[in-house]
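Please open the structure in your viewer and keep the sequence panel at hand.

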Amino acid sequence: MERRIAADPGRFRVLTGDRPTGDLHLGHLLGSLANRVRLQDAGVPITVVIADYQVITDRDHVGPVRERVLGLLADYLAAGMDPERSVIFPHSAVPALHQLMLPLLSLVTDSELRRNPTVKAELADSGRPLSGLLLTYPVHQAADILSMAGTVVPVGRDQLPHLELTRVLARRFNERYGPVFAEPEPLLSAVPVLLGTDGRKMAKSRGNSIALSATADETAAALRRARTDSLRTIDYDPVGRPEVSSLLDLAAALGGTDPVALAAEIGDGGAAELKRRATEAVNTALAPLRARRRELVADPGYLQGVLVDGIARASATAGETLAAVRRAMGTEYLPH
Ligand code: TRP
């Protein structure tokens, strides 16, 4: 996949998204965000959906969604996403996208939806009854992808069932009504999973993450608290010593070195020295991003302008897709 993209970047359309449930953290930076910026800079058109309707799949309230959408946008731009080349928009602002969900819903059965392992896991975590939106949000996500004509979707493993469903829906639509959709392909990144300060996977919702927007002092305090183990000598052993190895991954990725070499350097310096190195690597590498982010957040008018432009471009694409869908289905009644 990477090789095909490098050979002809303009032929692909990368589509990806985030829920606006909080600021992005170091795990996002090393995983999805760095990957998006790299693809963008290689000449691939990128579209990012800020999935505001997905916030209410597992909770009652959208929260301070306006601040979060602007904060997310500031994270993207500070990390190097370029609003001239890339399209960034909140999906609630693009009505045509949601209309696509109706024909897509007709192509899937109740039992197919209930089998989705990601929905099952989110249902268990939510501790709530299954809402109609949680059950059908993978179809809504397919509408995100297909309405924006995405052909490549960079995803984590947990999102693979949604991508498979998207491919099934595209195929079924095409078989029933004629060829409208390309089947999008997943792009799995090889980045190691970053652990949070409690030793579990870093996640916005777990309070174990270090936000891109954190100050240098907040970063130092969070890393000082990070879980390690009781062995004095530091070595790189992702299976046997996951917490120590994750800190080495972090320090090495941001410090431009290799985790094995870094472990050897720290040696008997122990966890305190490892945390000091990780803090220094994060704070040094992120200083320019954080400065830029502060400027962006101080200028909400600029951020809103970027959204206005993203919404206009996304609406044009979603409108074209919807027109093709209605043509294929024969639900166009008036001449244009
Ligand atoms: N469900 C994704 C997540 O929780 C976010 C998302 C929404 C998305 N729409 C998308 C991802 C379209 C890829 C493509 O991370």
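Predicted model: local features only at pLDDT ≥ 70, side-chain atom pairs only at ≥ 80, totals over all residues.

The space it takes is the largest pocket. Two elements each give two or more residues to the shell around the ligand: strand 1, residues 14–18, and helix 8, residues 132–147.

Next, display the residues that surround the ligand: L15, T16, G17, R19, A51, Q54, Q141, D144, I145, V153 and Q159. How do the residues of this shell divide into nonpolar, polar and charged? Four are nonpolar, five are polar and two are charged.

**Second stop: polar atoms facing the ligand**

Keep the ligand in view and select R19. An N or O atom in the R19 side chain is 3.3 Å from an oxygen atom of the ligand. Now select Q141, where a side-chain N or O atom is 2.8 Å from a nitrogen atom of the ligand. As for the ligand surface, 370 Å² is exposed when the ligand is taken alone, and the protein buries 87% of that.

Select P90, which is placed in strand 3, residues 87–90. Is P90 buried or exposed? P90 counts as buried because its relative accessibility is 8%, and the cut-off for buried is under 20%. To relate this stop to the ligand, select G17 as well, a residue of the ligand's surroundings. The C-alpha atoms of P90 and G17 are separated by 9.5 Å, while the two residues are 73 residues apart along the chain.

Move to helix 9, residues 160–177, and select H162 within it. With a relative accessibility of 1%, H162 counts as buried. Show N116 too: the side chains of H162 and N116 are joined by a polar contact of 3.3 Å.

Select A149 in the loop between helix 8 and strand 4, the latter being residues 152–155. Its relative accessible area is 33%, so A149 is partly exposed. The backbone deserves a look here: phi of A149 is near 55°, a positive value in a residue other than glycine. Most residues other than glycine have a negative phi.

**Last stop: A124**

Finally, select A124 in helix 7, residues 117–126. Is A124 buried or exposed? A124 counts as exposed because its relative accessibility is 62%, and exposed means over 50%.

Methods
Residues numbered from 1 in each chain as written. Heavy atoms only, no water. Near = heavy atom within 4 Å. Polar contact = N/O pair within 3.5 Å; in protein donor to acceptor, adjacent residues only side chain to side chain. Areas by Shrake-Rupley, 256 points an atom, 1.4 Å probe, with all protein chains shown as cover. 1 Å grid on protein atoms, 1.4 Å probe; cavity = no way out; pocket = protein on both sides within 12 Å on 5 of 7 lines; lining within 4 Å. Sits in = over half its atoms within 2 Å of the grid points. Helix = DSSP H or I, 4+ residues; strand = E, 2+ residues; numbered from the N terminus. Nonpolar A, V, L, I, M, F, W, Y, C, P; charged D, E, K, R; others polar. Buried < 20%, exposed > 50% of the residue type's maximum accessible area, 1.4 Å probe, protein only.
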